[in-house]
Amino acid sequence: MSRIGVAFDKARADGRALLVGCMPAGFPTVEGSIAAMTAMVEAGVDVIEVEIPYSDPVMDGPVIQKASDIALAGGVRTADTLRIVEAVAATGAPVVTMTYWNPIERYGVDVFARDLAAAGGTGLITPDLIPDEADEWLAASEAHGLDRTFLVSPSSTDARLAMTVQHCRGFVYATAVMGVTGARARTSDAAPTLVSRVREVTDLPVGVGLGVGTGAQAGTVAGYADGVIVGSALVRCVLDASSEAEGMAALRTLSAELAEGVRNPVR
Amino acid sequence: MSADALAPVAGPQPDSAGHFGRFGGRFVPEALVAALDELDGAWRTAMTDDSFRDEFGALLRDYAGTPSLLYEARRFSAKVGARVLLKREDLNHTGAHKVRNVLGQALLTRRMGKTRVIAETGAGQHGVATATAAALFDLECVVYMGEVDTERQALNVARMRMLGATVVPVTTGSRTLKDAMNEAMRDWVANVDQTHYLIGTAAGPHPFPAMVRDFVRGIGDEARQQCLDLTGALPDAVTACVGGGSNALGIFHAFVPDEDVRLYGFEAGGDGVTTTRHAASITGGSAGVLHGARTYVLQDADGQTLESHSISAGLDYPGVGPEHAWLHDTGRANYLPVTDDEAMAAFQLLCRTEGIIPAIESSHALAGTVALAPKLAAELGREPTIVVNLSGRGDKDVHTAGDYFGILDKES
């Protein structure tokens, strides 16, 4: 079983959801992103999602796009992001990567899979790669023992939902809302329905992302999902801080609050 | 001709998943797949529906003003050394070929029961065309436009607003067409239930490239017949500018089976394709994935999209429609870069010889034709006949051109 799968199983046995925290690689710097992700783990984030920055992130809202732009302007390369994966994996927390497809295709799909596995990454979330176009990635992830997380959406038909989760390994990413990344005032009404639709067609754990930003929201989502994925709210801690120390403190505080939330599911 | 602009023709088609060889396809968030499937179904059904075809044909004829003329540009021809026939898409309502595409997609929007359209625009020509169709069909209209482009195309921004559209300046990234397209995609992901994304060129995820081509391919159907009527023969070459590439595909498509007709697409070479300032995705880029399809893209070694440059806001885009990528790979069409300066020289030449102010986009096709004519004449041993797609008129570009030639009064 995949390392992510083991982590999900353990959390399930503890009667709680897994907390996945996302941060763009190289934001605000390569070293700064390693420090931020390490702090998140220390404060209770179970799984780190390392987003490989991309120039045209159509699934991301303004917060993550701005952070990605800062990382790219700082000169971060795909090779650097693998170094970050390696450093964060050394903390013991499972590390999953996420990126748009072009950087992977450009790096070389099989070579990327090989290097990601060697760096200790568990797999890849692909926001703009659907299974229909993923033959090369299916083969590479198979060859190198990596998880594949495709997204399902409230608009996915039953047939597409079944087809998509059939190609997933590790966990399924359910997008809670029709929209892009970014914390929202209310949690989604569509998400519980989507999660139960996924459960009808697979035993894989389901992580819910998009729109979660507070401990209370994390608790609500933890009431019906196996994993709670938080990105923009964590990124904002660093983005909005007036100093590095202030950013890290805010990041630790929010991480701890979210970790508390997933341990207190609202059912 | 335009009465049944959707009649089937021979020629390349994508496969059922929208692949042109190794290009095309769908590289999109799952959230959009249902909408793309819905659009694909609506488009395929409409194509075989006589009432749709009749309505589209009537709109093209009675509203857009097509068939557009095929005009023999005698004074320009004399300067160039070829018999140059201009396909006058600049005479269409809203001033460009783009009206054909928006009318087709607006009809589909209504057919799908959606009430809102969004669009991205560079030069503003597609934005104006979309706002026009939205007004005609009583649809809410939001147009995303890079902040840089809203400044250099202020007149078209005013036009869109007059037509009732909301223009949203995009301040992310390079603040040009590419970023406007990203914002439109984000809007679409969030509002897909009631919204149709009216993509302005033959790019993006399947079915857009094939669907847009089919809505604009009346240009080539008309030009082919008009050339036969006028000259008794097919042309030696057909030329067009290529940004996203809808006008070029529109005129190429009917000629693709005519193997003796050479097809030339002229890309925006900016300061030159060997510099970092150009928008020539095929001649100066490499295969990659951008905005929902695999195609030629301007990108760095890590697959990050590079900023493009062209004096023409309408060509200032780092990608190209996937069918062009395929036509390039198969060798059926030739793609060559034209610099800003070459385009502006041709712009001026057409103004002075024919009394026609072309869009700067179209001036790239004219400049390419100027360069092509002597080579073709030498090869054929006679004066060649070249059909040039004059895809749009230059009113919107008067400020840019006036600035370039230094002929604007300070106060203006």
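At what angle do helix 3 of chain A and helix 11 (residues 232-239) of chain A pack, and how many Å apart are their axes? The angle is about 50 degrees, and the axes are 9 Å apart. This is a predicted model.

**Annotated active-site residues in chain A**

- An unreviewed UniProt entry lists Glu49(A) and Asp60(A) under "active site". Glu49(A) and Asp60(A) are both included in the lining of the second largest cavity.
- Glu49(A) sits in strand 2 of chain A, which spans residues 47-51. Its relative accessibility is 3%, so Glu49(A) counts as buried, the cut-off being under 20%.
- Beyond its neighbours within four places in sequence, Glu49(A) is in contact with several residues, among them Val20(A), Gly21(A), Cys22(A) and Met23(A). Its contacts also include Val96(A), Met98(A), Ile125(A), Tyr173(A) and Ile229(A).
- Asp60(A) is placed in the loop between strand 2 and helix 3 (62-73) of chain A. Asp60(A) counts as buried because its relative accessibility is 0%.
- Not counting residues up to four places away in sequence, Asp60(A) touches Glu51(A), Gln65(A), Met98(A), Tyr100(A), Val180(A) and Thr181(A), and also Arg186(B) from chain B.
- Met98(A) is in contact with Glu49(A) and is also touched by Asp60(A).

**Helix packing in chain A**

- With an angle of about 50 degrees between them, helix 3 and helix 11 of chain A are oblique to each other. The crossing of helix 3 and helix 11 of chain A is left-handed.
- On the helix 3 side of chain A, the residues that meet helix 11 are Val63(A), Ile64(A), Lys66(A), Ala67(A) and Ile70(A). On the helix 11 side of chain A, they are Ser232(A), Val235(A), Arg236(A) and Leu239(A).
- Helix 11 of chain A also pairs with helix 12 (residues 244-262) of chain A: the two axes come within 7 Å and cross at roughly 160 degrees. Angles over 145 degrees count as roughly antiparallel, so helix 11 and helix 12 of chain A are roughly antiparallel to each other.
- The crossing of helix 11 and helix 12 of chain A is right-handed. Helix 11 of chain A contributes Ala233(A), Leu234(A), Cys237(A) and Val238(A) to this contact, and helix 12 of chain A contributes residues including Gly247(A), Ala250(A), Leu251(A) and Leu254(A).

**A pair of positions in chain A**

- Ala87(A) is found in helix 4 (residues 78-89) of chain A. Its relative accessibility is 27%, so Ala87(A) counts as partly exposed.
- Ala87(A) and Glu260(A) are 173 residues apart along the chain, and their C-alpha atoms are separated by 25 Å.

**Annotated features of chain B**

- The unreviewed UniProt entry gives the annotation "domain: Tryptophan synthase beta chain-like PALP" for residues 66-392 of chain B. Over residues 66-392, chain B is 44% helix and 21% strand, and the end C-alpha atoms are 14 Å apart.
- UniProt, again in an unreviewed entry, lists Lys98(B) for "modified residue: N6-(pyridoxal phosphate)lysine".
- Lys98(B) lies in helix 4 (residues 98-111) of chain B. With a relative accessible area of 17%, which is under the 20% cut-off, Lys98(B) is buried.
- Apart from neighbours within four places in sequence, Lys98(B) is in contact with Gln125(B), His126(B), Ala129(B), Gly200(B) and Ser246(B).

**Backbone details in chain B**

- The peptide bond from Thr66(B) to Pro67(B) is cis, with omega near 0 degrees. Pro67(B) is in the loop between helix 2 (50-64) and strand 3 (70-72) of chain B.
- A cis peptide bond also runs from His206(B) to Pro207(B), with omega near 15 degrees. Pro207(B) is in the loop between strand 8 (195-197) and helix 9 (208-216) of chain B.
- Thr94(B) is not a glycine, yet has a positive phi of about 75 degrees. Thr94(B) is in the loop between strand 4 (83-88) and helix 4 of chain B, and at 11% relative accessibility Thr94(B) counts as buried.
- Asp138(B), which is not a glycine either, has a positive phi of about 55 degrees. Asp138(B) lies in the loop between helix 5 (125-137) and strand 6 (140-146) of chain B, and is exposed, with a relative accessible area of 72%.

Notes
Residues numbered from 1 in each chain as written. Chains lettered and ligands numbered in written order. Predicted model: local features only at pLDDT ≥ 70, side-chain atom pairs only at ≥ 80, totals over all residues. Heavy atoms only, no water. UniProt positions renumbered as here; feature names shortened; annotations may be inferred. 1 Å grid on protein atoms, 1.4 Å probe; cavity = no way out; pocket = protein on both sides within 12 Å on 5 of 7 lines; lining within 4 Å. Helix = DSSP H or I, 4+ residues; strand = E, 2+ residues; numbered from the N terminus. Buried < 20%, exposed > 50% of the residue type's maximum accessible area, 1.4 Å probe, protein only. Contact = heavy atoms within 4.5 Å. Axes fitted to C-alpha atoms, helices over the stretch in contact; angles between N-to-C directions. Parallel < 35°, antiparallel > 145°, perpendicular 65-115°, else oblique. Left-handed = near helix turned anticlockwise from the far one by under 90°.
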